[in-house]
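Biologist: I would like to learn how to read a few features of a protein model. Please take them one at a time.

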Amino acid sequence: MTDLVKVQFHVNGRPVKADVPTDLPLIDFLREELGLSGTRLCCGIGVCKACTVAARRVPTSQAQPMLACSTPVALLQGQSITTVEGTGSMEKPSAIQQAFLDHFAFQCGYCTPGFVMATEMLIERLRARPVRPDQLDAAIEDAVGQHVCRCTGYARYHQAIRAVVMAEKGLVTA
């Protein structure tokens, strides 16, 4: 029998309280307990990054990437998690989601939630600390360069991310 632990944290701004097995992966909890199916399980070992969510250790901290396939829910005490469902909707996609659509950055869409979340965190970092135009490509590569896409390659994702960053004033300095 697996030991249970009590956890309290937030998902997409909503409080969550649960007794969970110490080894229950966040991806399973999101999908099975909360009905949030946007975060994808692909490789299951944290290599592909499709399961990336944004995590804040404290509410005022900058979001950091978290791999939902390999992070136990038991470790999330007091944290705030944002999934792709917390960024936009079918009726009103976020600027990032719309740019991915406009640039046809995906085909099957399996990896897209991880790219969306990584881009959300990149934009948050750029709001706090803008980069020069000559540094933007490196910043994009740092944010999504290890994400795996098997359908379209990476050029369209990169173009879409660049377009979103350039469209928002203040993310790139002159």
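Modeller: Start with accessibility: a residue is buried under 20% relative accessible area, exposed over 50%, and partly exposed in between, with a 1.4 Å probe and protein chains only. N12, at 25% relative accessibility, counts as partly exposed. This is a predicted model, where local features need pLDDT of at least 70, side-chain atom pairs count only at pLDDT 80 or more, and totals for chains, interfaces and linings use all residues. Residues are numbered from 1 along each chain as its sequence is written, and side-chain values use heavy atoms, with hydrogens and water left out.

Biologist: Where does N12 lie?

Modeller: Helices (H or I, at least four residues) and strands (E, at least two) are DSSP runs, numbered from the N terminus. N12 sits in the loop between strand 1 and strand 2. Its phi is positive, about 50°, although N12 is not a glycine.

Biologist: What is the phi of K49, and is K49 buried or exposed?

Modeller: K49, also a residue other than glycine, has a positive phi near 75°. K49 belongs to the loop between helix 1 (26–33) and strand 3 (52–56). With 18% relative accessibility, K49 counts as buried.

Biologist: How many salt bridges does the structure hold?

Modeller: A salt bridge is a side-chain nitrogen of Lys or Arg within 4 Å of a carboxyl oxygen of Asp or Glu. The structure holds five. One of them joins D19 and K6, whose closest N and O atoms are 3.3 Å apart. D19 lies in strand 2 (residues 14–21) and K6 in strand 1 (residues 4–11), so this pair ties together parts 13 residues apart in sequence. D19 is partly exposed at 46%, while K6 is exposed at 65%.

Biologist: Which parts of the chain does the pair E168 and R127 link?

Modeller: Their side chains meet in a salt bridge, with 2.7 Å from N to O. E168 is in the segment after helix 5 (155–167) and R127 is in helix 3 (residues 112–128), so the pair links distant parts of the chain, 41 residues apart. E168 counts as partly exposed at 27%, and R127 as exposed at 53%.

Biologist: What about R132 and D134?

Modeller: R132 forms a salt bridge with D134, and the closest N and O atoms are 3.1 Å apart. R132 is partly exposed at 41%; D134 is exposed at 59%.

Biologist: How are two packed helices described?

Modeller: The description uses the angle between their axes and the distance between the axes. Axes are lines fitted to C-alpha atoms, for helices over the stretch in contact, and angles run from 0 to 180 degrees between N-to-C directions. Here the axes of helix 4 (residues 136–144) and helix 5 come within 11 Å and cross at roughly 120°. That makes helix 4 oblique to helix 5; angles under 35 degrees count as roughly parallel, over 145 as roughly antiparallel, 65 to 115 as roughly perpendicular and the rest as oblique.

Biologist: Which residues make the contact?

Modeller: Contact means heavy atoms within 4.5 Å. Helix 4 contributes L136, D137, I140 and V144, and helix 5 contributes H158, I161, R162, V165 and M166.

Biologist: Which residues is R125 in contact with, leaving aside neighbours within four places in sequence?

Modeller: Those are Q62 and A143. R125 lies in helix 3 and is partly exposed at 25%.
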